[in-house]
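This briefing accompanies the sequence and structure shown below.

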Amino acid sequence: MSETEALESMVGGEYKYGFTTDVEYEDFPTGINEDIIREISRRKNEPEWVTEFRLEAYEKWKQMEEPEWPNVEYQTPDFDKVQYYSATKKNNGKKPESLDDVDPEIIETYEKLGIPLQEQKQLQGIAVDAVFDSESIFTTFKEKLAEAGVIFCSISEAIQDHPELVKEYLGSVVPKGDNFYAALNSAVFSDGSFVYVPEDTVCPMELSTYFRINNMQSGQFERTLIICEDNSHVSYLEGCTAPMYQENQLHAAVVELVALENAEIKYSTIQNWYSGDEKGKGGIFNFVTKRGHCRGDNSKISWTQVETGSAITWKYPSVIMQGDNSIGEFFSVAVTNNRQQADTGTKMIHVGKNTKSTIISKGISAGESNNSYRGQVKISPRADNAQNYSVCDSMLIGQTCGAHTFPYIESANPTAKVEHEASTSRVGEDQIFYLQQRGMDEDDAISLIVNGFCKEVLKELPMEFAVEADKLLGIKLEGSVG
Amino acid sequence: MTKLKQTKQTFLQDLLDFQGSLNGKSQFLDEVRLKAADEVRNTPFPHRKDEDWRFISLRDLYSDNYQLADGMEVSLPDISEHYLPESEGARMVFVNGSFSEKHSSTEALPEEVEIGNLADFASEDHPLVKEHLGKYGNFEGDVFSSFNAAFLSDGVFIHVPEGLKVDTPVHLLFVQTDAEVNYFATSRSLVLADANSEITIVEDYIGLGNNKYFNLPVFEVNLEEKAFVKHTKIQRESKEAIHVARTGAFVAKHANYESYTITLGAKLSRNEPRISQRDEEVEFTVDGLVLIDGDQVSDTHSVMDHRFSHAESHQLHKCVINGKAHSVFNGKIFVRKDAQKIDSFQENRNLLLSRKGLVNTKPQLEIFADDVVCTHGATVGQLEEDEVFYLKSRGLNDQQARELLIYAFALETIENIAVDSVQKLLVDEVHKYTERQLDSQLTT
C-alpha cells in the first residue's frame, strides 16, 4: 500500500478495536496475597521453583513503593480489586491442542482484529502467538519453526517443556525486585511469549504476539523472554488492543531479551490499547519494564515502538551493552491525544568497549494530552570509545497539550562521545499552506507532514506493520487540528 | 560556638542561632529574618533522593561546623590587584559578606543612581527595598534562599532610574579571606533597572586563601520596560570553599537581560539562575562557562521560565572537566500555557579530558504551548584527534595544539562579555587552566 493510499484509508477517528468478546470466565478471586499467588501457580501446574520465584517477588513488592517520578498523574490502581488471573471456562486453564478446541468467539475476535488463526487464512511469513487475557490461546507455525530449531511458545508451555532454559534466563535481565511494577509482574505473571533461537540460526519467519485484554476486571501481566544464542537472528513484534470500558485496567508487563555473541534481536511494538474517552475516562494503565541485555560481543538489540494507545504509559525499553562492540537502538513514535499521558523513553547503558547506541524518539501531542520523553545514556568508566547519538523531536498540535523532554546523560569516560539533540515545534502553517496549494486538503497535508516527521522510525518497522502504523497515526490525529 | 555533631536535617537550623548577632536592625529586617527562619525550620534539607539534588552530595557542606563571618576578626591583604580598571569609582567591596566602606567608591556613577549597602537602605525602610526584596530571588520551597533571607544584612542595592544609561560598569567584589575557622557568609543583592535604563554589572567572588568556608549569596534583578542589564558573574572562590548561589531575574516588556556565569573556583559550587518573563516580547541570555579540575564539583541548575508570548532566549553552557572533577548541568526550558511564539535555544557542551572525570547533563524541555521553536542539545566528548593533527601539521607542538583547542572551546562563551578587562582576566584564567591541565597530563 502506498503512502497516499494509507492516508486515504484514514476514516473515522474512533477506536476500532473497542468491542468486547462474550466469553465465560472461570471464577478467580480478586486481590493479591500468598494464597492467590500459590493458586495461580497451581492452576498453571508450575514447578516449585516458579512458585518460589513468584513468592519472593511478592515479598519484595510488598516492601516497595509506587514510583512518583514519572511525569504522569493518575489514581493508583486498587491492587485488591484487580483480578490477577483470568482464564476462559472453555479452556479450563489448559492450552488447546488444536484450533478446534478454541472458543469460536475468541477465534472470531482475532479475525476481527485482523489476525486470522485458521490455517488457510494464516498470515504468511509470520508466526503468531495469540494471548487472550491471561492465557496464550494458540500459536501458529510452531512445527515449521521447530524444524529450524526455534522454540516459539507461551512462557507457561516453556516452563513445562523447557524448564532448564527458563530457569537460567528468567529474571536475569529484569530481576524480581527491579521496580514496583516489575516486582508485581514477577509475582503474578501470566502468559507471554517465549522465544529461543539456537546457535547459528536465522529465524525463518517473523515472530509475533498479539495481546488482547478482554476481561473488565482483570489486569494483564504478560512476561516475555527472548533468548538469541551465538550468531543468531530474530525479529519479533507485538501488538495490543483492548475493549472500551469505563474503568481503567492495569497492564504491567516485563520483557527480557538476551543476545549472546554476534546475535541480533529486533523487537517491534505497536501498542494500541484503549486510551480512554475524550474526557479521560477508562483506558489502560500501561506500566511496562522492557530491557535487553547484549551479553555477548558484537551483539545487537533494537527496539522499535509505535505507542498510540493507553491512558497512561510508563515505559522505557532499555539496552545494557555489556559485550564489546555491541549495539543498542531505540526508535520510537509516541502519539498522545485527548487526555492521554505518556512518559516513555529509553536507557542505554554502555559497559563494554566500542559500544554504540542510537536513540530516535518522535513525540506527538494533541488534545489535552501530555507526552514526555525520558531517557538515560550512561557511559561507564571502562566503556572506551563508546558512542551515543540521540535525537528527540516533539510536535505539538493544539494549544492545550504539553511536550516534555528529560534526557539524562552521564559520561565517565573521556574517549566516549555522546551527542544529544532535541527540538519542539509544531506543524508549520507555511508547510500546510504549501501542500494545500498543491491541491491537498488540510487533513491530508497534516497527515503527510506527520508521516514525514515519523519517517525515520516507521522505516524501522517490518513491512506489514509499517503500513498499519501509518494508518494508526492518521486515525489517531484525525480531527485534532482545526 | 562549636557544635558537637551536625546532622543534615538540623544543619541549617542550628546555624540560625547566630541570627541574634547580625548587623543592621529595623522592624522590616527583623520581620523578614524571622519569617525566613521559620521557613528554614519547616523546609527539609535537600537530599540525594530529591530530583534536583541527585547528582551531587552535600556531605562536604554539612559535615563541618561554621560560624558567622559577621564580626569575625579579619586580616585583609591588599586587594587592589583585583579591581577592574573600567570600574574606578564604581565599585562596592564586601569582605566575608560584610560591606567594606573603606574599599568601596561610587563617585564615578551619576548622582541619580541609588547605590549602597542593602542593610542601610533596608534599615531606613526604603520603599523600593520593601517593595522588591525577596520577590525574585526567594525560590519557593528552597531552604537555601530562605536561609539567606534569615541572615539578611549586608549586600548590594542598586537602583537605576528611568531613562538613565550608566556607561561605567559596576564592579561588585566579594572577597573571602583566609581564616583558621570555617565561616559562612550570606550576601543579598538587589538590582532594580527602571524603564529605558541600562547598566552593566560584574559580580565577582574571590577567595584569597585555600580555606574552607560556605558562601551563600542571593542576587535579585528586576528589569522594567525596555531596560537592558548585562550581568557577568565570576566565581573564583578558594579551592576548598562551598558556594551555593541563587540568581533570580524578572524581565518586563522589551527588556533584555544578558547574563554570563563563569565558574572557576570552589570545591563544591551550585548555581541556580532563574529567569522569568514578566510580560511579552523579551530577550534573555543565560550563558555559562565552567573550568574545573582536581576534585571540584560544579552544578548548574537553570530555569528559563517563559510565561508570556514572544520571547527569545539563549543558553550556551560549556564545561571543561579534568582530574576527578564532576560537572552537572540541568537546564530547563519551561514554556507555560499560551506563551506562544517562543524561540528558545539551549546547548550544553562538555569537554571531558580525564578518565576520572564525570559529566552529568540533563537538558530539559517542558512545553505547554504549540507555536514555539525550542531546541536543546548536549554533547560530551574529548578533543578531536583530527583537529589536533591538523594543528600539528601546521607546525604547533602537541601541547600548543591542545591548548589552542581548549582555549577556542571556552572562548565562545566569554567573547560577548561587555567589559574588556573581565574578558582579559578570563582569557588569562583559561590559559592558566589549560597549562595546568596539560602539565598534569604530562606527569600522569
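**Loop asparagines and the contact between chains**

B:N196 is placed in the loop between β8 (188-193) and β9 of chain B, where strands are DSSP runs of E of at least two residues, numbered from the N terminus. The model is predicted, so local features need pLDDT of at least 70 and side-chain atom pairs count only at pLDDT 80 or more, while totals for chains, interfaces and linings use all residues. Residues are numbered from 1 along each chain as its sequence is written, and chains are lettered from A and ligands numbered from 1 in the order in which they are written.

**Confidence**

- Chain A has a mean pLDDT of 85, and 92% of its residues reach 70 or more; pLDDT is the predictor's confidence in each residue, from 0 to 100.
- Over residues 1-12 of chain A, pLDDT stays under 50.

**Asparagines with positive phi**

- B:N196 is not a glycine, yet has a positive phi of about 60°.
- B:N196 counts as partly exposed, with 18 C-beta neighbours inside 10 Å; the class lies between buried (20 or more other C-beta atoms within 10 Å) and exposed (12 or fewer), with C-beta atoms placed from the backbone.
- A:N298 also is not a glycine and has a positive phi, of about 55°.
- A:N298 lies in the loop between β11 (283-294) and β12 (300-307) of chain A, and is buried, with 20 other C-beta atoms within 10 Å.

**Contact between chains A and B**

- Chain B places 32 residues in contact with 32 residues of chain A; contact requires C-beta atoms, placed from the backbone, within 7 Å.
- On the side of chain B that touches chain A, β21 (358-367) and β22 (372-381) of chain B each give two or more residues.
- That side of chain B divides into 14 nonpolar, 11 polar and 7 charged residues.
- Strand β21 (residues 402-411) of chain A pairs with β21(B) in the antiparallel sense over 6 bridges; pairing requires at least two DSSP bridges.
- The bridge partner of A:S411 in β21(B) is B:V359.

**Domains of chain B**

- Chain B is divided into domain 1 (11-279) and domain 2 (383-444), with bounds from an automatic or database domain assignment.
- The centres of the two domains, taken over C-alpha atoms, are separated by 31 Å.
- Domain 1 gives 11 residues to the contact and domain 2 gives 10 residues.
- Elements giving two or more residues to the domain 1 side are β9 (198-207), β12 (228-236) and β14 (256-263) of chain B.

Terms used
Two residues are in contact if their C-beta atoms, placed from the backbone, lie within 7 Å. Helices (H or I, at least four residues) and strands (E, at least two) are DSSP runs, numbered from the N terminus. Ala, Val, Leu, Ile, Met, Phe, Trp, Tyr, Cys and Pro count as nonpolar, Asp, Glu, Lys and Arg as charged, and the others, Gly among them, as polar.
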